[in-house]
Amino acid sequence: MTVLEIENLTRYLGGSRGLFGGAEAPVRAEDGVSLTLETGTILGVAGESGCGKGTPGRIIAGLDRPTPGQIRSGGTVLTTARRQHYSEARRRAIQLIFQDPYASLNPRMTVDQALSEPIRNFGLACGRRTQRIAELLDAVGLARSAADKLPHEVSGGQRQRIGIARALAAEPEPIVADEAVSALDVSIQAQIVNLLAQLRRDFGLAILFISHDMALIEQISDRVAVMCPGQIGETGSASDIFRAPSHPYTQALTASTPDPDPRLGPIVVAAQGEIPSPRNPTAGCRYHTRCPLVFERCRFEVPALQVSGKGTVAACHQVSNASI
């Protein structure tokens, strides 16, 4: 069952006046992105820094508004819902795990108070708040004694577990994890990723996992959407994306992940140069200025998403030419 549907999501950040008074073009953070999230699955959204992969999470969580586009959950169009319906729909549809586990917690609130807030705000677990908090701490692998601690009294990994528990406290259908492990040590990253996978199995959660780390995306995801500056470059099952990617950008990203076997070389030459400016995106394919397989059509015609011969859906003219 689909728990979250994103359709034609577009986000232009309004143009502003430049340093010397001239007008600047709007930033095209997102341009016609469509995604679906199914019950009990993890959708990984991957891409380089600056490619716009975090924008859907911010819009889903209500931190940004789309220019056009819709977000639907449980029959409610969140982007146009009336105020009285939005709170319940947002609780059910969206909870966010932030990148920085320390900045996302109030330093003056104990863990008990932090977890009590969503329970109280949404009228959940009436009469059994203490028991519910104990259950949440158990679910994320924290001792119940942690309830009395302040954020600075626990480690970074424990703080992120508290952030996950706080998201679970609202009893959401899906959770958005936006670079939720990038601020943690590598050994702790693996623990948090394993925890999210375990919670998906235990509670049937759907998770939108946003990350620039392709190794983590491969480890945790059922399906993957690769963001090619502001647009979807390729989607498919995680096994198909990492076994035989069709888009040159996806190939470059997967090739950038170190392989434990030194005899295996990269799939294709890694992407060269800088990501095009979101204020002045290139004509045609967003990747053509860095693509090693570029040809003339790529420079002026935007490629449509189409089924490749490798099981994925890719926005690449090379797919229709059957040359990759």
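Pro 68 sits in the loop between helix 1 (55-60) and strand 4 (70-73), where helices (H or I, at least four residues) and strands (E, at least two) are DSSP runs numbered from the N terminus. With a relative accessible area of 38%, Pro 68 comes out as partly exposed; the scale here is buried under 20% relative accessible area, exposed over 50% and partly exposed in between, with a 1.4 Å probe and protein chains only. Pro 68 touches Asn 8, Leu 9 and Thr 10, leaving aside residues up to four places away in sequence, and a contact means heavy atoms within 4.5 Å. Thr 10 is 58 residues from Pro 68 in sequence, yet the two C-alpha atoms are 5.5 Å apart.

A word on the model itself: it is predicted, so local features need pLDDT of at least 70 and side-chain atom pairs count only at pLDDT 80 or more, while totals for chains, interfaces and linings use all residues. Residues are numbered from 1 along each chain as its sequence is written, and side-chain values use heavy atoms, with hydrogens and water left out.

Zooming out, the protein chain has 10 helices and 12 strands. Of its 324 residues, 49% are buried. Taking contacts between residues at least 6 apart in sequence, 64% join residues at least 24 apart.

Eight strands form an open sheet in the order 6-7-8-3-9-10-12-11, and the pairing is mixed; two strands are taken to pair if DSSP finds at least two bridges between them. The edges are strand 6 (96-97) and strand 11 (305-307), each of which pairs on one side only. Strand 6 runs parallel to strand 7, with two bridges between them, and Ile 97 has Ala 177 of strand 7 as its bridge partner. Helix 9 (residues 248-255) also packs on the sheet, where it touches strand 9 and strand 10 (231-237), and its direction makes about 110° with that of strand 9. Axes for such angles are lines fitted to C-alpha atoms, for helices over the stretch in contact, and the angles run from 0 to 180 degrees between N-to-C directions.

Six of its six residues are buried, so strand 8 is largely enclosed by the rest of the structure. That cover applies to both faces: Ala 206, Leu 208 and Ile 210 are buried on one side, and Ile 207, Phe 209 and Ser 211 on the other. Strand 3 (residues 42-46) pairs with strand 8 in the parallel sense over five bridges, with Ala 46 opposite Ser 211. Strand 7 (residues 174-178) is also parallel to strand 8, again over five bridges, and here Ala 177 stands opposite Phe 209. Between strand 7 and strand 8 the chain passes through helix 6 (residues 186-203), giving a right-handed β-α-β crossover; right-handed means that, with the strands pointing away from the viewer, the path from the first strand over the helix to the second runs clockwise. Helix 6 lies across strand 3, strand 6 and strand 8, at about 160° to strand 8.

Ser 221 belongs to the loop between helix 7 (214-220) and strand 9 (223-228). Its relative accessibility is 8%, so Ser 221 counts as buried. Polar contacts are pairs of N or O atoms within 3.5 Å; within protein, one must be able to donate a hydrogen and the other to accept it, and residues adjacent in sequence count only if both atoms are side-chain atoms. The Ser 221 side chain reaches the backbone nitrogen of Gly 44 at 3.5 Å, and one of its polar atoms lies 2.8 Å from the backbone oxygen of Ile 217. Beyond four places in sequence, Ser 221 touches Ile 42, Leu 43, Gly 44 and Ala 238.

Helix 3 (residues 111-121) has Val 111, Ala 114, Leu 115, Ser 116, Pro 118 and Ile 119 buried. These buried residues pack against helix 4 (129-139) and helix 5 (156-169). After helix 3 comes Gly 123, with a positive phi near 65°.

Finally, the cysteines. With a disulfide taken as a pair of cysteine sulfur atoms within 2.5 Å, the count is zero. For Cys 285, the nearest cysteine sulfur is that of Cys 228, 5.3 Å away; Cys 285 is buried at 10% relative accessibility. For Cys 291, the nearest is that of Cys 298, at 6.3 Å, and Cys 291 is buried at 14% relative accessibility.
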